[in-house]
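Me: I am new to this structure and would like a close look at a single part of it. Please keep the explanation plain and define each term as it comes up.

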Amino acid sequence: MKYESGFEAQRAQVMESVGDDDMIGAEAPGSMRRRIIVIALVALAVAIVAFFAFGSGGGDATPDETAQLPTVSVVAPGRTTVEGEIVATGTLAARRDMPVGAVGEGGRVIAIPVEAGDWVRQGQVLAVIDRSVQTQQAQSAAAQVHVAQADANLAQANLDRALKLVERGFVSTADIDRLTATRDAADARVRVAQAQLRELQARNARLNIVAPASGLLLERNVEIGQTVSGGAQSLFRIARNGEMEMLARVGETELANLSNGVTAEVTPVDGGKTFTGKVWLLSPTINTQDRQGTARIALAYAPELRPGGFATARISSGTVVAPILPESAVLSDREGAFVLIIDGENKAQRRAVKTGAVTAKGIVIAEGLSGAEKVVLRAGGFLTPGETVNPQMTKID
């Protein structure tokens, strides 16, 4: 072939030029040096190419660039079973607030033997109203009873005498009928007089304002010398049996998770003591303005529970399974609560969340997280969404 013949011709020329001695012995010293220099240059070129190929063009970021990224601690919260709890605020009130007023004709108040804060029993007199005029009317009615009774006695005696004479023919049957009617009318007048007397006595008894049930006297809105009338505004307010309650305002979603009988911890605004109660009634309606309903929590009497006071309630709502994060991981602004998560490209991303109850382990995240995300543990306020970071996984204690 042509390339073989060419190769043989070149080989013959080389052999002629170097001579017989060169072919038999070692190469000349100058030729050896040139070969070494060429090999060294080739090795240097290969090293330079390898440096640029593998050192600068093979990765996304050099070690120096990675070292310059901010290092942040992240956690994967997972999901934890926690006791569901609804925190609500509201006011304290008497469970059965009983207004008490004058039920009779009224009059001038001459005595008030009780004060607000006293315990009263059923039927106890709260205020005494002057009855001097009513007493005289009752005495007059009692006298009328006696008059009517005397007339009835006389009519009965006349009838008895006539019955004895009718057998002898001195008195006719018509006279007997007339005397009998007179006796019956007299008896009726006695009963009318007696009914009028009892009516006056009942009216006089109603002049005194009495407690309709036992309980704690909350208010006294009357003073001695004041003139009161029946049907006027309440003069006293009584908490029946001293029972109290809290009117907790709860969102309509949370209200749907409650039921009668669940326990609740109520803390008055002073925060000095917590009282245990039970939800006994849930509001059947929702306020159209704030989308909230009322959960009424029954409480036993305690001096610290004052109607009209402000309190906070923690109501049990069963168990929930949700992520729990430390408080340092949950941020908030005008748009609401949020966290920063690190995505697959190590970039910080904002994630809106809805917080739930605050437990000893942290804040329950009711909505927004599945638990598998990498959440920035702290210093999230110094990061900008979209910023690349160097995440370091941390375990929650």
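What follows is a request about one residue and a connected reply.
Leaving aside its neighbours within four places in sequence, which residues is Glu 245 in contact with?

Reply: This is a predicted model, in which local features need pLDDT of at least 70 and side-chain atom pairs count only at pLDDT 80 or more, while totals for chains, interfaces and linings use all residues. Residues are numbered from 1 along each chain as its sequence is written, and side-chain values use heavy atoms, with hydrogens and water left out.

Glu 245 belongs to strand β11, residues 244-251. Strands (E, at least two residues) and helices (H or I, at least four) are DSSP runs, numbered from the N terminus. The residue is buried, at 2% relative accessible area. Buried means under 20% relative accessible area, exposed means over 50%, and partly exposed is in between, with a 1.4 Å probe and protein chains only.

Contact here means heavy atoms within 4.5 Å. Apart from neighbours within four places in sequence, Glu 245 is in contact with Thr 91, Leu 92, Ala 93, Ala 94 and Arg 95, with Trp 280, and with Arg 296, Ile 297, Ala 298 and Leu 299. Two of these partners also make polar contacts with the side chain of Glu 245: the side chain of Trp 280 at 3.0 Å and the side chain of Arg 296 at 2.7 Å. A polar contact is a pair of N or O atoms within 3.5 Å; within protein, one must be able to donate a hydrogen and the other to accept it, and residues adjacent in sequence count only if both atoms are side-chain atoms.

Trp 280 has a further partner on the contact list of Glu 245, namely Arg 95. The charged end of Arg 95 sits over the ring of Trp 280, 4.4 Å from the ring centre. A charge sits over a ring if NZ of Lys or CZ of Arg is within 6 Å of the ring centre and within 35 degrees of the ring normal. Another case is Arg 350, which lies over the face of Phe 338 at 3.8 Å from the ring centre.

The loop between β10 and β11 holds Asn 241. Asn 241 has a positive phi of about 60° although it is not a glycine. Most residues other than glycine have a negative phi. Asn 241 is partly exposed, at 46% relative accessibility. Arg 291, in the loop between β13 (275-282) and β14, also has a positive phi, of about 55°, and is not a glycine. Its relative accessible area is 40%, so Arg 291 is partly exposed.

Strand β10 covers residues 236-240. Ile 238 has its place there, and with a relative accessible area of 0% it is buried. The C-alpha atoms of Ile 238 and Arg 220 are 9.4 Å apart, and the two residues are separated by 18 residues along the chain. Strand β10 is part of an open, antiparallel sheet of four strands in the order β3-β10-β8-β5. Strands β3 (97-100) and β5 stand at the edges, each with a single partner strand, so one side of each has no neighbour in the sheet. Two strands pair if DSSP finds at least two bridges between them; β3 and β10 are joined by four bridges and run antiparallel. One of the bridge pairs is Val 100 with Phe 236 of β10.

Rings of Phe, Tyr and Trp (its six-membered ring) pair if their centres lie within 6.5 Å; planes under 30 degrees apart count as stacked, over 60 as edge-to-face and the rest as tilted. By this rule there is one aromatic pair. Trp 119 is partly exposed at 45% relative accessible area, and Tyr 301 is partly exposed at 36%.

Of its 397 residues, 29% count as buried. Among contacts between residues at least 6 apart in sequence, 73% join residues at least 24 apart.
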